[in-house]
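Open the model in your viewer and keep the selection tool at hand. Each stop below says what to select and what is there.

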Amino acid sequence: MRGERRRLGSVALAMAVLAVACGGGSDGGDSASPTTAGDAAAQARQGGIFRQPINEPAFIDPYNGQEGNGNRVIKRLFVGLTTFDGNPDLVMKPGVAETWSSDATCAQWTFNLRRSTFSNGEEVTAESFIRGWTRAADGRAISRVAGHLSGIQGYPELHGAPDSPPTATTFAGLSAPDPQTLSVKLGAPDCEFDKKTVHSVMSPVPSVAGAFDNKEFNEAPVGNGPFMIKPGTKWEHDRGISLVRSDTYFGAKPNLDGIEFVILPSQAPPAAQYSAFEAGDLDVATPPVGLRAAAEAKYGPTGGFLSRLPYATGFIGVNVSGATLGDPNARRALSLALDRDALSKAVAEGYWQPASALIPPPFGSYHQAGVCDACRFDPVKAKELGTSAGLSSDTHLRFLVSSASNPVLVAYKDQIEKNLGVAVDLEALPLAEALARQAAGEYELIALSWGADYPTTDNFLFPLLGQGSAENAGKYANTEFNDLVRQARAQRDDGERRTLLKRAEQIAIGQDLALVPTFYVPNQVVFDADKWTGVDLDFFGHLTFQTISLK
Amino acid sequence: MAGYTVRRLLHMVVVLLGASLLLFTCLFVAPGDPLAAIEGENRALDPSTRAALVDRYRLDEPLPRQYVHYVSRLVRADLGESYRQRRSVNEVLREKAGTTGRLAVAALVCQFLLGVGAGVVAAVTRRRFVDVLIVVATSVAIGLPVFVIGLGLQQVFAQRLGWLPLQGHGAGARSIVLPAVTLGLGYAALVARLTRTTLGEALRADYIRTATAKGLSWRAVVTRHGLRTSLIPVIAYLGIAFGGLLGGAAVVETIFNWDGLGRALVTAVVAQDNPVVMGVVVYGVAAFVLVNLVVDLVSAALDPRIRLDG
C-alpha cells in the first residue's frame, strides 16, 4: 500500500507523513544547513508550550507510524535522510544526509551523513538507519507501512509474503561502508528514491530501540529530531504526549520550549475541539464544518486563520473495465454532470476547490490545471455525451460510499441523476468491503480521495492507475501510460521526468478520464495570532513547529 | 453469609461466560471485517500484512475454536490484545479503570446526595409547591439525554460563567464536578422519585406515628426512623444504576475528554477494535455483579428482615 486512501467526506485534516518544515540552503544534494526559521525566527522569543489537539494515535514508534496522529508526533521526534520544504519543483533538502547521489541506473544510492546525535547522546550513523529500516521490514513486526521499503533489495527475504515466511534477518540491500555513509541497493531503478526517505518509516533509531516489540521504546521513542519526549514521561494514552526541545538536534533549534499533544476523543462532537480552543485549553483547532466562514471572519483579520491545500485530491473512482462506463465519453459525461462549485458552496461554505487535475496544486510545477477538460459543469454536453455512450434511464450506477446520508455523496447522486437521466444506487459499505467489491468489479463508482506519502507524482499516478498496483482497482490499463511512468522512474533529469509524468497524467486523465477528480479540500486551522507567530501548515497538514514562537 | 457470597461469585462466572459468549457472537459472527480496526484512516491493508494479522489473531480458525481460545485466556485473566494498537487489553483496563472508578464514585455520591436530599424535601412537603417543583424538575432530568445535560452544563458553567473547566483533567478536583453531575443527574432524579415515594409511605406508617407521639422532633422522626427503612430500596437501586454508569460514562468521558473505560469503549466500538470492546464489557459485567453483591450485603446489614441464605 503506497498512498493514503480515504473516503471523500471525512474532513481531510489528518494527512499522513512527512516533512518537518526544513528549508534554507541550496538546491538538490549540496551541503546545506537544514535551518528553517531564518533570521527573523532566530531573533524570535524563546519559550512557550504549544498545545495541539490530536486523536489517540495507533503508534508513535516510526516502525509502524501509519496514520496522521501518530505521524504528527513521529515527525517531530525523528528526522530522516532528506527533508522537504514544499518547494514547487519538489526538490529535496538535506536532512541527516548532507549529500546524496545515485548511479546511472538509479538503482544504487549513496547517502553521506552529517555527524549528529540522538537525544540520548548516541551518534546517528548509517547503522542507525539500517537498524530502523530492518526493524520495520522484519516480517514479524507486521508493520503496515513496511511496504514503503519494498523497493530495496532483500525486502522479500526479510519481510516474507503470505505464502513464504521470512528467510533473512538482515536487509541485504543496505550497507554501511563507513559510519557516515549509507549505501542502498534497489530492486529496480527509482530516480526519486531520495524523496521517499522523508517517510517516517525510514527514520533512524538508536540502539536502545531494540526490536519492534520493545514496549518501552514504543511508548517513548528516542529520536534525532528537533523535539524529544519530555524526560521522565511517556505517551499517556487517551490523554496526551509531552515533547520538549531537544538540545542535541543538529539543525536550527526550535523557539518553543515544547509541544503538548492533547489527545481528544475521536468521537467527540465536531465543535468540541473549537470550543476547547476558545476556552483557552488549546493553542490551535480546526473549526467545525459550518463554522469555518465565521472562524475566518473572527480570526482571519489578525492572521489567525490558515487554509492550506494538502497533497491530496478527492475523486470518484470508476470501473473503467466494466460495460457501463468503459467508454471514456460516459466518464466524461459523468464529470460534466457535476456542478462542483455549487456543491462546494452547499456543503463546504465554498472552501473546497473544484479539481481540474488529479495531481493537486501543491505539486507546483507538476500540477496541470485544466488537464481534465471534463472537470467543468456542462449539463447539456453531459447529456449529449452520455446518450452517445449508451447511458439511459435504464442505466443503474452502483455507487460505493461510506455513508448514504453524507450530503456530499447524496449531492453527487442527485446531480448525476438529474443531468444524465440515469439511476444512481448509493451502497454504504465499510471500506474493506467496498474495496473488495471494487476488486471484484461489482460497482460502477466509488467515492475516495488520495493523499501522497512523499512529494512525488508517481505516488499518485502509479498506485491509482498503474498496471500491477493493488489500488488500481478500476483496472485502468493503458500501455502508453504505463511506459511513461516506467520511463520516468529511470529518468535522472528532473525536467525530463516531469515532462514524462505530466504526459502520463494527460493520457490517464485528459484523454481517458480513468477517474473523475472532484475537489481539493484545504486543511484549515485557527490560532491566537496575538500570542503566536510563525504558525503555518506544511503540505501534509502538520504544523510547522520549528517556526512557531511566542510573539 | 460466606456460603451466599461464594454462591454469588459462582453465579458471576456463569454470567461472565454468558456475557462473553453473547458479545463474542455479536462481534465476530456479525458481517464485517474483523480487522477493520487496522484499516486506519480508510486505508486498505496490503495482502501480506493482512495475512500476518489473520495468523496472529487466529482469525482463520472456526469461530467456536476462537471462542474457546478466548475463554481459555480469560480464565488466566488475559483479555487479549488491541488490534489497532497491539497493546494488552489488560493494560488498557488497568490504565482506565481508575479514571472511570473516580468518576463513578463521584457520580454515585452526587446521585445519593442530590437524589436523597431532593427526595426527602419532596416527601416532607408533599403536594406543596416545593414538592411539585421537584417532581417537575426530576421529570425533566430523567427525560434529558446525558449528552444534552453535559453540553448544557458546559455551556453554562464553563463557557458562560467560567466557574469550572470545560474539559480535561487539568484543574484537579474542579475537573470532576461537571462530568460527575452530568453522569449522576438523571439517576439522582430517579433516586429522588424513589426516596419521595418510599419515605412518603414510611411517614404514613404506624411506627412513625408512634415515634411522633413519643415526642421526638420531626427531624429525628424523618432521618432516624423514616429514612432508614426508605433507603433500602434506594441503595438497591444505586447498585443497579451502577451498571448504567458505564454506559453513561461512554458519553460523559467523550464530551468531557476524560480518558476512562467509557471513552475507550466508544473508541473501540467505532474502530471495531473487538478485543478492547470485549475486554471493557467483560470487565464492566464483572464490576456490576460485584457491586450488586456488595449492595445486597449492605442491604442485609441495614435491614435484618433480609436473609441472604434463603
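**Stop 1: two helices of chain B**

Select helix H1 (residues 2-29) and helix H3 (residues 63-75) of chain B. They pack at an angle of about 135°, with their axes 11 Å apart. H1(B) and H3(B) are therefore oblique to each other. Their crossing is right-handed.

Now show side chains. Which residues of H1(B) and H3(B) make the contact? From H1(B) come Ser20(B), Leu21(B), Phe24(B), Phe28(B) and Val29(B). From H3(B) come Leu63(B), Gln66(B), Tyr67(B), Tyr70(B), Val71(B) and Leu74(B). Colour them by class: the contact of H1(B) with H3(B) has 9 nonpolar and 2 polar residues, and no charged ones.

Keep in mind that this is a predicted model.

**Stop 2: all of chain B**

Zoom out to chain B. It has 11 helices and 0 strands. Along the principal axes, the C-alpha atoms of chain B fill a box of roughly 85 × 55 × 30 Å.

Next, colour chain B by domain. The domain assignment gives domain 1 (2-75) and domain 2 (93-309). How many Å separate the centres of domain 1 and domain 2 of chain B? Taken over C-alpha atoms, the separation is 32 Å.

Look at where these domains meet. Domain 1 of chain B brings 17 residues to the contact, and domain 2 of chain B brings 14. On the domain 1 side, the classes are 12 nonpolar, 4 polar and 1 charged.

**Stop 3: where chain B touches chain A**

Show both chains. Their contact takes 36 residues from chain B and 37 residues from chain A. On chain B, select helix H2 (47-56), helix H6 (146-160), helix H9 (218-255) and helix H10 (261-271). Each supplies at least two residues of the side that touches chain A. Which helix of chain B gives the most to that side? The answer is H2(B), with 7 residues.

Colour this side of chain B by class. There are 14 nonpolar, 12 polar and 10 charged residues.

**Stop 4: a sheet in chain A**

Move to chain A and pick out an open sheet of 4 strands. The order is S2-S13-S12-S11, with mixed pairing. Why is one side of strand S2 (49-55) and of strand S11 (227-229) of chain A left without a neighbour in the sheet? Both stand at the edges with a single partner strand each, so one side of each has no neighbour there.

Zoom in on S11(A) and strand S12 (residues 240-245) of chain A. They pair in the antiparallel sense over 3 bridges. Select Ile229(A); its bridge partner in S12(A) is Leu243(A).

**Stop 5: two helices of chain A**

Finish with helix H14 (residues 458-465) and helix H16 (residues 494-511) of chain A. Their axes come within 11 Å and cross at roughly 40°. That makes H14(A) oblique to H16(A). H14(A) passes H16(A) in a left-handed crossing.

Show the side chains here too. H14(A) contributes Asp458(A), Leu461(A) and Leu465(A) to the contact. Facing them from H16(A) are Leu501(A), Ala504(A), Glu505(A) and Ala508(A). By class, the contact of H14(A) with H16(A) has 5 nonpolar residues, no polar ones and 2 charged ones.

Terms used:
Residues are numbered from 1 along each chain as its sequence is written. Chains are lettered from A and ligands numbered from 1 in the order in which they are written. This is a predicted model: local features need pLDDT of at least 70, side-chain atom pairs count only at pLDDT 80 or more; totals for chains, interfaces and linings use all residues. Two residues are in contact if their C-beta atoms, placed from the backbone, lie within 7 Å. Ala, Val, Leu, Ile, Met, Phe, Trp, Tyr, Cys and Pro count as nonpolar, Asp, Glu, Lys and Arg as charged, and the others, Gly among them, as polar. Domain bounds come from an automatic or database domain assignment. Two strands pair if DSSP finds at least two bridges between them. Axes are lines fitted to C-alpha atoms, for helices over the stretch in contact, and angles run from 0 to 180 degrees between N-to-C directions. Angles under 35 degrees count as roughly parallel, over 145 as roughly antiparallel, 65 to 115 as roughly perpendicular and the rest as oblique. A crossing is left-handed if the near helix is turned anticlockwise from the far one by less than a right angle, and right-handed if clockwise.
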